[in-house]
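Trainee: Could you take me through this one? I'd like to know what stands behind each label we put on it.

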Amino acid sequence: MNCQDMRLLLHAYLDDELGAADSLAVARHLAECADCTRRLRALTQAREDLRGARLYQSAPAALRARIEARLPRATLAPRARRRGWSMALAALAALFVIAAVLAGWQTMRLQRQGSDALVAEAVSDHVRSLLPGHLIDVQTSNEHTVKPWFDGRVDFSPQVKDLSAEGFELVGGRLDVLGGKQVAALVYKRHLHTINLFQWPGHAAAAAPPQTRDGYHVLAWNDDGLRFVAVSSVADSDLEAFERAFRAQPAAASEAAH
């Protein structure tokens with residue numbers, strides 16, 4: 001795949017509309033091409049800017065002044081003038097209420113679309129990781145080997161925790177791409193099930209509820225300036241137990257034990 005092919009597929013990749021094979025080909029090209037990675041980041045930033053845009057705007061004072069100027073004054077009797085004022089103000093208030101409701105609905109719709117897109121991409125990444133040879137770049141159960149492996153590969157320090165006492169075995173980690181960003185992916189095992197834990201710097205505007213997509217359970221949370229998304233085919237109660245165990249163990253504990 002070359003950069004010209006990427007231009008045709010980049011929007012579909014960002015919207016998670018590609019099949020597993022095309023998504024994998026795009027991800028591999030992005031890992032090697034700085035120009036296409038910058039183009040994907042620009043598209044992702046534009047989408048996030050649109051989602052974060054303030055769509056609600058108060059009516060300017062000039063508009064209020066023009067409305068007031070057009071209201072009849074001297075020709076109306078005092079009672080009619082008051083009634084006219086009341087009707088105008090009621091109409092103006094109704095317009096503001098309608099605008100606020102539409103803006104709120106639009107904001108919620110965009111946030112929901114953003115959350116759904118992230119979940120779909122996380123599930124797609126999880127499924128792709130299960131293909132032979134794609135799950136792990138560094139294979140070890142030692143968090144003190146996994147964590148330094150990411151040094152120089154991502155621009156943040158990921159949280160890596162040993163949860164074997166809680167029944168979740170760390171088996172390694174790898175680099176992945178989620179939401180147009182390069183992220184750290186930790187891999188844990190629960191019996192025969194794989195749990196992918198994606199993490200990257202950021203903070204979601206609102207906590208996302210647990211979701212299930214294509215049979216996979218997804219949990220997302222924020223902690224210490226990082227965003228986390230866990231995906232697995234384990235029972236939803238087991239994935240919730242994984243989240244509790246991970247969040248309960250302080251990030252500094254593993255460093256202190258080193």
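**Rings, cores and loops**

Mentor: Let's start with a charge on a ring: K161 lies over the face of F246, 4.4 Å from the ring centre. Keep in mind that this is a predicted model.

Trainee: What makes K161 count as lying over the face of F246?

Mentor: The cut-off for the distance is 6 Å from the ring centre, with NZ of Lys also within 35 degrees of the ring normal. K161 is at 4.4 Å and is listed over the face of F246. R190 does the like with F168, again at 4.4 Å from the ring centre.

Trainee: Which aromatic cluster do F168 and F246 belong to?

Mentor: One that also holds Y188, W221, F228 and F242. The count of aromatic pairs comes to seven. Among them is Y188 with F242, with 5.1 Å between centres and 65° between the planes.

Trainee: Why is the pair of Y188 and F242 called edge-to-face?

Mentor: Rings pair when their centres lie within 6.5 Å, and planes over 60 degrees apart count as edge-to-face. Y188 and F242 have 5.1 Å and 65°, and that makes them an edge-to-face pair. Y188 is in strand 3 and F242 in helix 7, so the pair ties together parts 54 residues apart in sequence.

Trainee: How do you know whether Y188 is buried or exposed?

Mentor: Buried means under 20% relative accessible area. Y188 has 0%, so Y188 is buried. F242 also has a relative accessible area of 0%, so F242 is buried.

Trainee: Which residues have the most contacts inside the largest nonpolar core?

Mentor: Y188, L197, F198, W200, V231, F242 and F246, in a core of 38 residues. Elements that give two or more residues to this core include helix 5 (78–129), strand 3 (181–190), strand 4 (193–201) and helix 7 (236–248). Apart from this core lies another, of 13 residues, with L10, A12, L18 and C36 among them.

Trainee: Why is H29 called buried?

Mentor: The relative accessible area of H29 is 12%, under the 20% cut-off, so H29 counts as buried.

Trainee: What makes the link between D176 and R174 a polar contact?

Mentor: The limit is 3.5 Å for a pair of N or O atoms, one able to donate a hydrogen and the other to accept it. The side chains of D176 and R174 are joined at 3.0 Å, and they are listed as a polar contact.

Trainee: What makes the phi of H191 worth a remark?

Mentor: Most residues other than glycine have a negative phi. H191 is not a glycine, yet its phi is positive, near 60°. H191 is found in the loop between strand 3 and strand 4. At 67% relative accessibility, over the 50% cut-off, H191 counts as exposed.

Trainee: Which phi does D214 have?

Mentor: A positive one, about 55°, and D214 is not a glycine either. D214 lies in the loop between strand 5 (211–213) and strand 6. D214 has a relative accessible area of 66%, so D214 is exposed.

Trainee: How do you know where to be careful with the model?

Mentor: Look at the pLDDT, which stays under 50 over residues 252–258. Where pLDDT is low, the predicted coordinates should not be read in detail. For the protein chain, the average is 83, and 84% of the residues score at least 70.

Terms used. Residues numbered from 1 in each chain as written. Predicted model: local features only at pLDDT ≥ 70, side-chain atom pairs only at ≥ 80, totals over all residues. Heavy atoms only, no water. Core = buried A, V, L, I, M, F, W, Y, C linked by side-chain atoms within 4.5 Å. Buried < 20%, exposed > 50% of the residue type's maximum accessible area, 1.4 Å probe, protein only. Helix = DSSP H or I, 4+ residues; strand = E, 2+ residues; numbered from the N terminus. pLDDT = per-residue confidence, 0-100. Contact = heavy atoms within 4.5 Å. Phe/Tyr/Trp six-rings, centres within 6.5 Å; stacked < 30°, edge-to-face > 60°.
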